[in-house]
Amino acid sequence: MPADAPGPPASHPPADHGHYFDDDPQVSSAPTSVELTLPDLSVSLSTDRGVFSRDRIDPGTKLLLIDAPALESPDGTLVDLGCGYGPIAVALAHRAPRAQIWAVDVNRRAVALAAANLAGHAGARAVHPDDVPSDLEVDEIWSNPPIRIGKPALHELLDTWHARLRPDGRMVLVVHRHLGADSLHRWLESTGRPTTRVASRMGYRLLEVRAE
Ligand SMILES: C[S@@+](CC[C@H](N)C(=O)[O-])C[C@H]1O[C@@H](n2cnc3c(N)ncnc32)[C@H](O)[C@@H]1O
């Protein structure tokens, strides 16, 4: 938890017993579904216990998918970093049917759900980070990042993925101010990544981080 975070938004509780970022959730499975409703897309997504925001689309995720600037590389390589059951990846696949889409998560139950939710999108796959090619180059990374893994791990994660951006590439992140959005913004700037707050609503910040 960032030092400047008085508490998480209600949508960021641990996933039942354990954490939503556990590799293999121990909590028993109870499959269900949630509706992802956006101005351009309405779809039912499979979800389950042991994954992030299983009961509803996280409000930060929804805000990212509604308020973020349009895709810059609809024919490129797009990543949903920390995909959970895949709402961001599914929206990207819908908006960019010719793109190569990587939905990536450490939580294997989430990866399986995202794969199921992406079925029918030929260019999309859901994988564990160990299965990402080390030489993957990326045009856009869209993420509601795993703040609760702690600052050092989050910074390492963003370092790893920022290094995979092509020179014209960008990251688009949604983070709540109570979860340290502004200190994350300062850290990104301090490490030389051009970062702009492109939207701010309901306490959430949308940060666009350019490759260079
Ligand atoms: C805030 S949740 C967002 C989930 C989903 N994108 C959504 O909007 O509902 C962050 C996700 O990041 C995943 N995560 C944690 N550490 C990760 C890592 N090192 N690499 C990839 N994903 C990770 C967690 O398991 C979790 O599903």
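Author: A crossover is right-handed if, with the strands pointing away from the viewer, the path from the first strand over the helix to the second runs clockwise. Helices (H or I, at least four residues) and strands (E, at least two) are DSSP runs, numbered from the N terminus. Here β6, helix α4 (residues 151-162) and β7 form such a right-handed β-α-β unit. This is a predicted model: local features need pLDDT of at least 70, side-chain atom pairs count only at pLDDT 80 or more, and totals for chains, interfaces and linings use all residues. Residues are numbered from 1 along each chain as its sequence is written.

Reader: Which strands pair with β7, and in which sense, parallel or antiparallel?

Author: Two strands pair if DSSP finds at least two bridges between them. Strand β6 (residues 138-143) runs parallel to β7, joined by 5 bridges, and Glu 140 stands opposite Arg 170. With strand β9 (residues 204-210), β7 pairs in the antiparallel sense over 7 bridges; His 176 has Tyr 204 as its bridge partner there.

Reader: How many residues of β7 are buried?

Author: A residue is buried if 20 or more other C-beta atoms, placed from the backbone, lie within 10 Å of its own. In β7 (residues 165-176), 9 of the 12 residues are buried.

Reader: Which residues come nearest to the ligand?

Author: Near means that the C-beta atom, placed from the backbone, lies within 6 Å. Of 22 residues around the ligand, Phe 21, Thr 61, Gly 82, Gly 84 and Pro 146 come nearest.
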